[in-house]
Amino acid sequence: MLSIGRVTVASSLILAPMAGISDLPFRLLNRSFGCGLAFTEMISASSLVHRSKNTSKMLSTTTEDRPLGVQILGGDPEIIKRALELISEYAFDIIDFNAACPVKKVVSRGEGAGLLREPAKLQTLLKGMVENACVPVTAKIRSGWDEPSVNAVEIALRAEDAGVSGLFIHGRTKVQGYSGRVDYSIIREVKKSLKIPVIASGDALTPDLVKKLFDETGCDGVAVARGALGNPWIFRETAEHLRSGTVPRCPDGYEIAQTMRKHLALNIAFHGEKTGVMLFRKFFPWYTGAAVVKELKERAFRTETRDEMLRRIDEVSRPE
Ligand SMILES: Cc1cc2nc3c(=O)[nH]c(=O)nc-3n(C[C@H](O)[C@H](O)[C@H](O)COP(=O)(O)O)c2cc1C
């Protein structure tokens, strides 16, 4: 159990925000396997203010999709303030601020991980958010901009001072992106320095690696990102592994196919058939893994309708 401000989270295993992935169907599916808290993908404060059509889809949720955090990206205090006013119309439980995104066009605007180079500005932005938000605010950071300028402890202390209720830290620098070694020691140092909960992120790819994050950093929770792609069972398996220390049961072919059908159905219910099937295509190879022949994956990638995609799923569960 984990508490972020007044929000109680039943499991310390959290679904990390992922742009282009963390829509309502993906969140609901992962929740059904035990994830305790989920986030929307990052949403830019200025696109919120301009009420772009895409943004309203990103904000969509249901009563089963709780507790839920919305993640905001921005750098202008006035725009962020207006974005928070709009968000207050929705029932989010947490507002998370992204100071971790390494994408060039984001950091060049001084947003995302760009803010790691401006600790005082980040602190002021977070203070303003805490003052204007009606739910707990959290921050997502990286270990630093690059190896020589690792400053996560300073950033984390400033975030805590600004009044945030929890801190998410990806143990890689901006320059590392998503590759290279995860720095467990910087996450441990951050955890030791703060009173608020610290949630670790980075290579939470298997139950063993999630356990390693807990053991080596002392963190209060772990955010699972790439480990959940085509693998919502990671939440069930990791909970079992942490509880009993045993090697968890993997899903069999029948359960994989059933889960793929459920994911597809959720996608279609939310996005409509055309977009729902199209968005499901990228999950197909993640679910089926290396064992499935290339030709079958390529056929799935050309699939356009629900019935065809269901046939592709049948083919992987009963290969010819
Ligand atoms: C496709 C993709 C999209 C991501 N989008 C976001 C995002 O919108 N906001 C965010 O804070 N982090 C985002 N991340 C970073 C993850 O939340 C996580 O911190 C990172 O992948 C490290 O965890 P992992 O090594 O277990 O995948 C994204 C990662 C991936 C792979």
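Mentor: Axes here are lines fitted to C-alpha atoms, for helices over the stretch in contact, and angles run from 0 to 180 degrees between N-to-C directions. Helices (H or I, at least four residues) and strands (E, at least two) are DSSP runs, numbered from the N terminus. This is a predicted model, in which local features need pLDDT of at least 70 and side-chain atom pairs count only at pLDDT 80 or more, while totals for chains, interfaces and linings use all residues. Residues are numbered from 1 along each chain as its sequence is written, and side-chain values use heavy atoms, with hydrogens and water left out.

Two packed helices are described by the angle between their axes and the distance between the axes. Take helix α6 (residues 119–132) and helix α7 (residues 152–162): their axes come within 8 Å and cross at roughly 25°. Angles under 35 degrees count as roughly parallel, over 145 as roughly antiparallel, 65 to 115 as roughly perpendicular and the rest as oblique. Therefore α6 and α7 are roughly parallel to each other. On the side of α6, the contact (heavy atoms within 4.5 Å) is made by Pro119, Ala120, Leu122, Gln123, Leu126, Lys127 and Val130. From α7 come Glu154, Ile155, Arg158, Ala159, Asp161 and Ala162. By class, eight of the residues in the contact of α6 with α7 are nonpolar, one is polar and four are charged. Here Ala, Val, Leu, Ile, Met, Phe, Trp, Tyr, Cys and Pro count as nonpolar, Asp, Glu, Lys and Arg as charged, and the others, Gly among them, as polar.

Helix α6 also packs with helix α4 (residues 77–87), at an angle of about 25° and with the axes 10 Å apart. These two, α4 and α6, are therefore roughly parallel to each other. Pro77, Ile80, Lys81 and Leu84 of α4 meet Leu125, Met129 and Asn132 of α6. The residues of this contact of α4 with α6 comprise five nonpolar, one polar and one charged.

As for the setting, the chain has 15 helices and 10 strands. Its C-alpha trace spans about 60 × 45 × 35 Å along the principal axes. Of the 320 residues, 55% count as buried, meaning under 20% relative accessible area, with exposed over 50% and partly exposed in between (1.4 Å probe, protein chains only). Among contacts between residues at least 6 apart in sequence, 68% join residues at least 24 apart.
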